[in-house]
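Student: Please take a close look at the ligand site in this structure. I would like one connected account, with the surrounding chain as context.

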Amino acid sequence: MNKIIVNGGKKLNGEVSVQGAKNSVLPILVATLLVNGVSVIHNCPYISDVDATIKILRYLGCKVTREEHTVIVDSSTMCRNDVPDSLMREMRSSIVFLGGIIGRMGKAVLSTPGGCEIGLRPIDLHLSAMEQFGAKVTTENGFIICSAEEKGLCGTRIVLSFPSVGATENIILASTLAKGTTIISNAAREPEIIDLADFLNGCGAKIYGAGDSTIVIEGVSRLNSTEHTVIPDRIVAATYLIATAMTGGKVTFKDVIPSHLGPIIQPLRESGCLVFVKEKNVTISSQKPLKRIKMIRTMPHPGFPTDVQAQMMALTTIADGTSVFIENIFESRYKHIGELLRFGAKIHAEGRMAVVEGVKALNGANVKATDLRGGSAMLLAGLSAKGKTEISEIYHIDRGYEEPEKVLEYLGADIKRMKVNEETTTE
Ligand code: UD1
C-alpha cells in the first residue's frame, strides 16, 4: 500500500503538458474490439484503469502490446464474449464492454457492475438500449446475458431519459456494426464521446453529430485498422489548474483543448484567478486570497463536471466567504467532505447540497483517498495546507492520474510517494 506525503505551502510554477483522457481512452480501447484487426492508440496514460482495460482485452483473446504511451490492440484473435466478475470489479466503467462485445460477437455476458464509492451506478438505460436493438437481455447468477445471435443487432431510434455518458458510449459501440441506422436522442455531449466517434470514424464507421444531443449512426459491415491519438484529459488539467490556484502560483498547461475547460475556467475566474487562453495553452495566475464561488451545480457537459466537484470544493475551503455546491449527477459523491474536515475545513452537507465556509488556511492532516476525484482533492488540500499531509489508499488516485507526485514535484511541490513498509522503517 502506497501513501503520498505532501509538505504544503509551496507555490506551483512552470509549464506542463497534460496526460491523455481516461474517459476517452477506456471506451476507445473497448472500441478496438469492433475493428477485427490492429488499432494503434497513442497518448494512453499510465493509469490503473488502462491496465484493467488491457487485462480484459487480453482475457477476450486480443493481443495487446504497449510501447510507452502507445497501446496496440490486435482484436482479430478475439475468441470470448464474457467478462468475469473479478475483472469487471477492477474498473468502475467496465460496463462499456457491453456494447463492444455484443457489437463484435452478437452476445455479451458480463457480471452486474453493482455500486461504487460515488453512488449506485444503475445500468437500466444501457440494457433497455440493447433490447431496443433487438437483443434479448436476461440475468443469471449475477451475470447479465445480452444476446442478439439469432437476428443480429438492428439500428433503431433510442431516446435517453438522461444524457448518460456510459449509455451513449454503449449505444455507439453496439450500433457501429449493426444493420441499418440508429438515432440517439438526448445523447451525452461530453468531449470524450466526440473522441470515441472520431476513432471509430477513422476506422470507417459512419457516426454523425457526436458532441450534439442527436447522434446518427449508419451501421457499416466492417471497420479498418487505424491509428488514433487520445485527447488531453480535461479533468486532470482542471485538477492541476485548481492546485495552482490554491497554492498561489502561475502555471501554463500546454497542448490542452481550452474549450473543454470552459466550465472550469469560469469559476476559477470567479475565485479571482487570472486565466489566459492562447491557442492550445491555458495559463493560470493565482490571486490569493481566493474569493468564494457562489454556486457550483454539477451538470452533464457543457455544465460543471461532477468529476471536478471535489477538487473545486477543496479550493473553496480556503476562499473568502461561503460557497454552495449541488451535486446533481451522483447521489453520494460527498465522501471527501469527511476528509476535508480533517484539514480544518468548514463544510456542512445535506443530501445533494454542501455549504463551504472558507477558512484562512488548512492544516496538514492524515487522510485517505475515498475515491478517484475525492482523492485528488486530498492532494490539493495537502499542497495548500500548512505542514505535513499523509494520504493513504492512493490506489484510487492511480486509477486516473499518471504519476501525480512527479507532475506536482516538477511544478515545485514538496511531495513524494512512499511505500507504507518503507515509511515504518524510516519513522
Ligand atoms: C458519469 C459522469 C461522467 C463521469 C463519470 C465518472 C455525467 C453525465 N456523467 O458517467 O461525466 O466522468 O461518471 O465519474 O456527468 N443513470 C441511470 N441509469 C443508467 C445510467 C445512468 O439512472 O442506466 C444515472 C446515474 O445513476 C447517474 C447519472 O445517470 O445519476 C449519470 O450517469 P452516467 O453519465 O451514465 O454515468 P457515467 O457514464 O458513469
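Tutor: What follows starts at the ligand and then moves out to the chain. The model is predicted.

Start with the space itself. The ligand takes up the largest pocket. Around the ligand stand 18 residues. The closest are Arg-121, Asp-124, Ser-164, Asp-307 and Ile-329.

Now the make-up of that shell. Its residues split into 8 nonpolar, 5 polar and 5 charged. Two helices each supply at least two shell residues: α5, spanning 124–132, and α6, spanning 165–176. The largest share comes from α5, with 3 residues.

Take Asn-23: an N or O atom in its side chain is 2.9 Å from an oxygen atom of the ligand. Pro-122 and Gly-166 use the backbone instead. A backbone N or O atom of Pro-122 is 3.3 Å from a ligand oxygen. For Gly-166, a backbone N or O atom lies 2.8 Å from an oxygen atom of the ligand. Then there is burial. On its own, the ligand exposes 710 Å², and the protein buries 82% of that area.

Step back to the chain that forms this site. The protein chain has 15 helices and 24 strands. Its C-alpha atoms fill a box of roughly 65 × 45 × 45 Å along the principal axes. Why call the chain a compact globule by its radius of gyration? A compact globule of 427 residues would have a radius of gyration near 22 Å, and the protein chain has 22 Å, so the two agree.

Pro-289 sits in the loop between β17 (281–285) and β18 (295–297). Pro-302 is in the loop between β18 and α10, the helix at 309–316.

Glu-68 belongs to the loop between β4 (63–67) and β5 (70–74).

To return to the ligand: the protein buries 82% of its exposed area, and Asn-23, through its side chain, places an N or O atom 2.9 Å from a ligand oxygen.

Terms used. Residues numbered from 1 in each chain as written. Predicted model: local features only at pLDDT ≥ 70, side-chain atom pairs only at ≥ 80, totals over all residues. Heavy atoms only, no water. Near = heavy atom within 4 Å. Polar contact = N/O pair within 3.5 Å; in protein donor to acceptor, adjacent residues only side chain to side chain. Areas by Shrake-Rupley, 256 points an atom, 1.4 Å probe, with all protein chains shown as cover. 1 Å grid on protein atoms, 1.4 Å probe; cavity = no way out; pocket = protein on both sides within 12 Å on 5 of 7 lines; lining within 4 Å. Sits in = over half its atoms within 2 Å of the grid points. Helix = DSSP H or I, 4+ residues; strand = E, 2+ residues; numbered from the N terminus. Nonpolar A, V, L, I, M, F, W, Y, C, P; charged D, E, K, R; others polar. Rg over C-alpha atoms; globule rule 2.2 N^0.38 Å.
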